[in-house]
Amino acid sequence: MPILIKNGRVITATDDYVADIYCAADTITRIEKNIDPNSCAPGTSIIDASGKYVFPGFIDPHVHIYLPFMGTYAKDTWETASRAALLGGTTTLIEMICPGKTDDAMQAFETWLGKAQGISACDFTFHMGVTRFDDASEKQFREIVKKGIRSFKVFLAYKGALGVDDRELYQTLKLANELGVVVTAHCENETLVDERQKELLAAGKTAPEFHEPSRPVQVEAEGVHHLMTFAELTGAEVYVVHTSCNEAVLEAQCAIARGVKAHIEVVLPHLVVDHSYTQKPGFEGAKYVMSPPLRHESQLPKMWAQLASRAIATVATDHAPFDFESQKTMGKDAFTKIPNGIPSVGNRVDILYTNGVTTGKIDLHTFVDSASTQAARIFGLKGKGTIAVGADADLVVYDPAYRGKISAKDKSHHHMATDYSAFEGWELKGRSDTVTVRGQIMVKGGNFVGKMGSGRLVPRPAISST
Ligand code: URP
Ligand code: ZN
Ligand code: ZN
């Protein structure tokens with residue numbers, strides 16, 4: 001059904017103006033002052049956006065939904081995660097396909113696609129996880145790229161599980177460079193992590209708060225430096241996921257300054273929660289165990305500053321949802337067994353707006369750029385990430401006057417499948433009132449009204465360039 005959004009303040013990565021937006025079908029057809037509803041198709045839904053912002057649909061380029069990991073499975077399904085994403089203003093998700101080291105790459109691609117297709121309410125695509133590189137998997141990666149999956153994911157961490165060795169990293173980057181594929185990478189030196197974990201456990205340091213000292217900032221900075229060396233030698237374009245500290249960002253920036261094609265991501269938790277959260281009593285600290293770990297509070301202003309200057313390109317979530325009661329507690333006797341991850345796919349836009357924009361840490365354009373536009377640009381998401389005639393009608397009418405609180409106990413607000421929220425009790429100063437995906441109204445008045453299964457695999461014909 002056609003939609004007409006009236007009197008909204010339209011914000012993109014570069015522009016700020018008041019206009020009406022008409023979407024005759026799945027794309028934006030007109031952007032003008034005072035569009036007469038009589039000039040629109042019969043049956044057009046009119047949305048009054050007076051006093052509200054209109055943002056392009058937000059894109060989360062780093063989520064895990066189906067994830068076999070650390071002896072368990074992440075809690076969400078595409079049904080729960082896509083609904084939570086849309087209610088939180090996110091209209092496109094990029095999930096990481098994470099095959100086990102001995103799994104068949106093509107089968108993994110089919111499995112992950114099958115979990116999303118026909119089930120997701122929002123649009124989606126994938127980064128193809130390269131957890132093993134040999135002749136057989138190389139052939140399959142070439143086929144998967146032809147299907148429009150134009151990005152890879154490698155882990156330099158998780159020794160013996162998902163991590164690749166240097167030969168595999170080199171070959172992956174060479175292939176990526178040949179195919180014009182961006183390689184996203186989790187950068188931590190896996191051997192240093194492994195050794196330090198053993199030392200800490202041997203010293204009886206088993207609690208969640210010892211997760212951080214097992215992988216300190218140097219371990220991450222070394223991982224980024226390592227990736228950049230390989231990117232420089234192969235010419236591949238790389239994207240460093242979830243940088244958690246200034247030391248890691250600086251390593252990537254040094255490489256960019258010498259001509260390496262690299263992009264930097266931060267994820268929501270590293271902007272808003274710090275290491276002290278892992279010291280919460282009653283094993284509650286386990287809720288905040290993720291990798292790279294939450295850092296000392298002195299890092300947070302530095303990460304905001306790097307985001308404000310746009311040295312950091314994107315804000316994602318690294319949504320990796322595990323229940324507290326039945327899953328995080330697997331690590332009661334050793335922090336190394338706590339499933340890593342903080343659920344946040346439904347919270348990113350509102351917390352970034354509340355804690356970033358309303359406090360003046362970032363401006364509205366940086367907000368849109370980092371939470372939508374850059375992800376579309378870097379990963380070649382055709383039609384996404386902006387508001388323009390011809391772009392997909394993925395739009396968020398955002399109410400800055402809304403006031404509310406996050407609570408996992410309130411099922412009308414907590415839509416992720418986990419039994420807790422890492423942001424319990426946090427105040428919100430804004431929320432997505434209306435959300436559309438390719439012209440379909442998915443959220444209205446803050447309620448989900450969309451059709452499950454209407455999300456599509458986003459075409460990715462173009463390759464990105466820095
Ligand atoms: O702690 C995290 N980040 N869990 C998900 C897997 C990953 O490393 O991205
Ligand atoms: Zn990671
Ligand atoms: Zn991740």
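**View 1. H64, at 6% relative accessibility, counts as buried, where buried denotes under 20% relative accessible area, exposed over 50% and partly exposed in between (1.4 Å probe, protein chains only).** The model is predicted, local features need pLDDT of at least 70, side-chain atom pairs count only at pLDDT 80 or more, and totals for chains, interfaces and linings use all residues. Residues are numbered from 1 along each chain as its sequence is written, chains are lettered from A and ligands numbered from 1 in the order in which they are written, and side-chain values use heavy atoms, with hydrogens and water left out. H62 likewise counts as buried, because its relative accessibility is 0%.

**View 2. The zinc ion (ligand 3) is coordinated by H62, H64 and D318.** Donors are N, O and S atoms within 2.8 Å of the metal (3.2 Å for Na, K and Ca), and sites may look incomplete since water is not among the atoms. Among the 4 donor atoms of the zinc ion (ligand 3), the angles are 86 to 140°. The spacing of the donor residues in sequence is H-x1-H-x253-D. A distance of 3.7 Å separates the zinc ion (ligand 3) from the zinc ion (ligand 2).

**View 3. The zinc ion (ligand 2) has H186 and H242 as its protein donors.** The donor atoms are ND1 of H186 and NE2 of H242, lying 2.1 Å from the zinc ion (ligand 2). Around this ion, 4 donor atoms subtend angles of 57 to 148°. H186 belongs to strand β12 (residues 182-186) and H242 to the loop between β13 (238-240) and α8, so the pair ties together parts that are 56 residues apart in sequence. Helices (H or I, at least four residues) and strands (E, at least two) are DSSP runs, numbered from the N terminus. H186 is buried, with a relative accessible area of 1%, and H242 also counts as buried, at 2% relative accessibility.

**View 4. Strand β5 (residues 53-56) is covered on both faces.** On one side Y53 and F55 are buried, and on the other V54 and P56 are buried. β5 runs parallel to strand β1 (residues 3-11), to which 2 bridges join it; two strands pair if DSSP finds at least two bridges between them. R9 stands opposite Y53 of β5. With strand β16 (residues 395-399), β5 pairs in the antiparallel sense over 4 bridges, and the bridge partner of Y53 in β16 is Y398.

**View 5. Eight strands form an open sheet with parallel pairing.** The strand order is β6-β9-β10-β11-β12-β13-β14-β15. At its edges lie β6 (58-63) and β15 (314-316), each of which pairs on one side only. From one strand to the next, the twist averages 30°. Within the sheet, β10 (residues 123-129) and β11 (residues 151-155) pair over 2 bridges in the parallel sense, and G129 has K153 of β11 as its bridge partner. Helix α11 (residues 348-357) packs on the sheet, touching β6, β9 (90-97) and β15, and its direction makes about 110° with that of β6.

**View 6. Helix α8 (residues 246-257) packs against helix α10 (residues 299-308).** The two helices meet at an angle of about 30°, and their axes are 9 Å apart. Axes are lines fitted to C-alpha atoms, for helices over the stretch in contact, and angles run from 0 to 180 degrees between N-to-C directions. N246, E247, V249, L250 and Q253 of α8 make the contact with Q299, K302, M303 and Q306 of α10, contact meaning heavy atoms within 4.5 Å.

Definitions and conventions. Four donors count as tetrahedral if all angles lie between 85 and 135 degrees; four count as square planar and six as octahedral if opposite donors are over 155 degrees apart and all others between 65 and 115; anything else is irregular.
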